[in-house]
Amino acid sequence: MKADIDLDIGRKTFASGLLPELIDVLRRSRSGDLVAVVGDEESLGSELETWCRFTGNPLLEAAVDRGRARWVFRCGAVPISLAETRPVGSRLWLYANFDCNLHCDYCCVHSSPAAPRRELGLARVQQIAREASELGVKEIFVTGGEPFLLEYIGDLLAACAGAAPTTVLTNGMLFVGRRAESLQTLPRDRIALQISLDSATPKLHDLHRGPGTWARAREGIKRARSMGFRVRLAATVSTEAEAEEFRQFLDEERIEPEDRVIRRIVLRGAASEGDAVTRADLVPEVTITAEGVYWHPVGAADTDLLVTHDIFPLFEAFAAVRRAFDREGEHANKLARIFNCA
Ligand code: SF4
């Protein structure tokens, strides 16, 4: 992980002058900066982690690099909305697959045409849907990769919609042929399509997602609307200026507030820049992939956000996430924020 500030502490520990150095580096940094601390005392790790939690500067990474210990922490909080509260378990995310027809440069789970298809599969999704409805899940989100690469996407969405109102996240480029036919059969009052569109013009969108993708996304939005689906537009942006420009576009397009999603690039997966978020920053949203149950969709391929490999029984998986959240709360849940992916 690249850092904004590098601090070589040699053999220093908290008992031998490290604290003033950390205070100095915080004074020199801006909120959100990443600081890499490189030292020769690997055993310092647990004390440094405690300091990070205690001071609200989350530890993001600990590694040994060329024989030296390296820790990266973030200065302060990331700008995530505090406006909402949402009980753990009210939202359920399903990573239907990880392969994708696009190769976006900030994809938080490294999806691409070359990514292996790690699919949940129809039978498992049907079981999840059955158990989710008994657990009082209020909303289901289906994501990928690109879920419309799956031939059985229609059946998968029908199963989810039977359990709770369902939103499928898509780049909007595959609403043709059999996929379009399977969409036609789905209940419009239970399924919404959240289509990625990063900017008002092709420039930014195509820069991150590939030439020509903006125009194809616009076409997909039109098609989905013509089939009578509710369409939410979701932009991934780097700056407040980009967010504001997109908001103006949404105003011009008369998009309802509940159909707007604007989120920041997160420093995970393929992204080389963005907001660095940890468990401590995120209120969990139970997220299920072929590998297991994760804390939140933004890190559904990262071991630090894996809660358990066991998906079933689902009530146990939910309980595991709640227990992990309680444990996190013992340290620093005052740092936890809602981070909206939908
Ligand atoms: S951001 Fe979405 S569309 Fe882009 S590679 Fe990742 S999953 Fe595919």
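How many bridges join strand 8 (residues 191–196) to strand 9 (residues 230–237)? I found 5 bridges between strand 8 and strand 9, which run parallel; strands here are DSSP runs of E of at least two residues and helices are runs of H or I of at least four, numbered from the N terminus, and two strands pair if DSSP finds at least two bridges between them. Ala192 stands opposite Arg230 in strand 9.

I noted that this is a predicted model, in which local features need pLDDT of at least 70 and side-chain atom pairs count only at pLDDT 80 or more, while totals for chains, interfaces and linings use all residues. Residues are numbered from 1 along each chain as its sequence is written, and side-chain values use heavy atoms, with hydrogens and water left out.

I then traced the open sheet, where 9 strands follow the order 10-9-8-7-6-5-11-12-13 with mixed pairing. Its edge strands, each pairing on one side only, are strand 10 (260–264) and strand 13 (306–308).

I next looked up the ligand, and found it surrounded by Cys100, Leu102, Cys104, Cys107, Ser111, Gly145, Asn171 and Arg209, a residue being near if one of its heavy atoms lies within 4 Å.
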